[in-house]
Amino acid sequence: MLPQPTNKSHLFLTYFELDSDKKPHSKLINSHPFNHEIQLLLADTQAEVLLRSITENEQFFYEVEAPLSMFLDTSFLEKNLTKKAGSDQKTSMFYMHTIDTYLDTEDVAVIDGDGHLVLSLQKETYEAFGLEGKAATFTGNGRRYIITIDVSAPTFRPGNKTFDRTKWCLDNNLSRSFKMVMTRVDTNTGASLDVLLSNVQHNKKSVSWTSSKLEGIRLPNFETLKLPEGATPDNRWKDEALEAHEWLGMATLGSQRYKSRPTCIVKILHLLMARLSIRLSVNDKPDPFLSVYSCPEPYTTGSVALLRCAGLVTPQYIQNLLITLRKEIKAKQCWGALTVWGYRDSPIAWRGREHGFLTSGENDYTILLLREEKDACEQRAVCYQALGVYDAL
Amino acid sequence: MSNSAKSTDKPKVVGGSNTDSRSNGSLAADATLPALLKEYLPNESEVQQTINTKIQGRKVHIDAADTTNRPKKKPAKSKIKRITSREKRQLGLYTIPKHCHRYDLFLPLHELWKGYMEELLGNTTSALVHSQKLIKADYQGAILSVVKSKSPSYIGTSGIVVQETESMLNIITADNKLKHIPKAASIFNMTVKGNTFAIYGNQIRFRAAERATRKFKVKPTIDL
């Protein structure tokens, strides 16, 4: 056997039942706090109804450029972050992620839903910062440090030792501005809530959906991915699941969006990648020297509808999306997929565990909902979780 | 023999050494000795007494004395007893008592230090010259603050230096606390005459006295 290359990303495959008591899908979605792009894919049907129902509740987030000390403002804490004393259940969750910051070479700050401010600082910044942290696990020899501060504690107020020290450090040693996105969400309903930003310049943005369609393509039905009751996935199933993932990936390339202000090279690259989705088209007969791709069997000729959005999206919203998608699939008698991309440069990802970048900062997942009969009470699904080089689930 | 002219006692001893005074057969000595003494002693009545007490029975070695087996003399202990540095530390001679941990108490020291700086730097304005003089200067009385450190809790500590040892700086902070800060793995800031200097703690890890006479070389900097 050949030695395995060490710097490899991973893909975890899971096969589960959506209605089982363990609620695997809900655990999975909640364990992944920072999501910046979502795509819904519906096979062989129109997406208008779905688009209307998901845009009913407006989802928004804020773009802010400010120093991190804004989070220590007492009224800001009171309104957005502080846990209510005495109640275990939080009514709202606050998410923040700095943008245009690169994890391996720059300082990154995030606030996860549980009210922890997580700073990933480069060695030089950390040595001049003044708060105790620990060396990041995956970046060799203390090049990067992780500092976690619980900013949601009711005792985190002026006069508290931790608060005062944190404030001094942020005011004096990390006073530069960060570009960041933030949002607050109702834990029960998943609706976006306002963030109190009285004295900070901000830009309120709503999550906007775009829809596109790929027509005249070879459309597999993925029926072979369904396993009989009690059976465990084997290697054949694994191969088929990976083929399905490849197909989904190519369909996704067809709906690829530009990031804001792409460079010329990025544009060309995107165009080339978009061309790849041609491999799915019925009329495509490439020279086998160029491509030997074949669509997973059995397939029919059909179309897919793709809905895509970008922005800081909360797990609660994704939960709602999954429910809506499921209803739609049931009504239309088709299969669908939900793909979520996480921020590449988050210091934490799955289940609050440390995340690294190194060669690729992947932390994405796709939930493929298989087609079920109209009267079936179960919903089987395949989940693909993509992990970066050193990440753990 | 040369001694004989000097003192009253010694010459007879030396003179006596020519004969064995214990031997009864040495009549020549018995005859000549009283006459000789009579000649030298001021009082004639003392002659017999001198012979009895000082000459009779006295042993004199003619050959060199045997020194090989004699126990060596220990050097006399100095009357002044000194205590070692360790004992000084154990006795707490260097510790500043708790009631003296007051910032205002050390402000005069800082004023003194400022005067010392005036004197040391003189009229030169070049920061380079200043830095070279500062690296050899005495820091007791200076206001230092930690700007970078491997240990985050030291960062931001600022105050008057009250003691300097080989590897530590003891600082009284404005909130009247004595902080012991290691020189290693820290960078300190010091403001002198409007210029702020960064002092790399790793490079000044010497005793103050040693530092003053040391030749410092330019080193490429420097990781903490």
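I count two residues as in contact if their C-beta atoms, placed from the backbone, lie within 7 Å. The model is predicted: local features need pLDDT of at least 70, side-chain atom pairs count only at pLDDT 80 or more, and totals for chains, interfaces and linings use all residues. Residues are numbered from 1 along each chain as its sequence is written, and chains are lettered from A and ligands numbered from 1 in the order in which they are written.

**Domains of chain A**

Chain A has domain 1 (10–58 + 207–387) and domain 2 (60–206); the bounds come from an automatic or database domain assignment. Their C-alpha centres lie 31 Å apart. Across the boundary, 24 residues of domain 1 of chain A are in contact with 29 residues of domain 2 of chain A.

Which elements give two or more residues to the domain 1 side? They are β13 (299–313) and α8 (315–332) of chain A. Helices (H or I, at least four residues) and strands (E, at least two) are DSSP runs, numbered from the N terminus. α8(A) gives the most, with four residues. I sorted that domain 1 side by class: 10 nonpolar, 11 polar and three charged. Ala, Val, Leu, Ile, Met, Phe, Trp, Tyr, Cys and Pro count as nonpolar, Asp, Glu, Lys and Arg as charged, and the others, Gly among them, as polar.

**Strand β3**

I then followed β3(A), residues 60–67. β3(A) pairs (at least two DSSP bridges) in the antiparallel sense with β11(A), residues 202–206, over five bridges. Here Phe61(A) stands opposite Lys205(A). β3(A) also pairs with β9(A), residues 177–186, antiparallel over six bridges. There Ala66(A) stands opposite Phe178(A).

**Chain B**

Seven residues of chain A are in contact with nine of chain B. The chain A side has four nonpolar, one polar and two charged residues.
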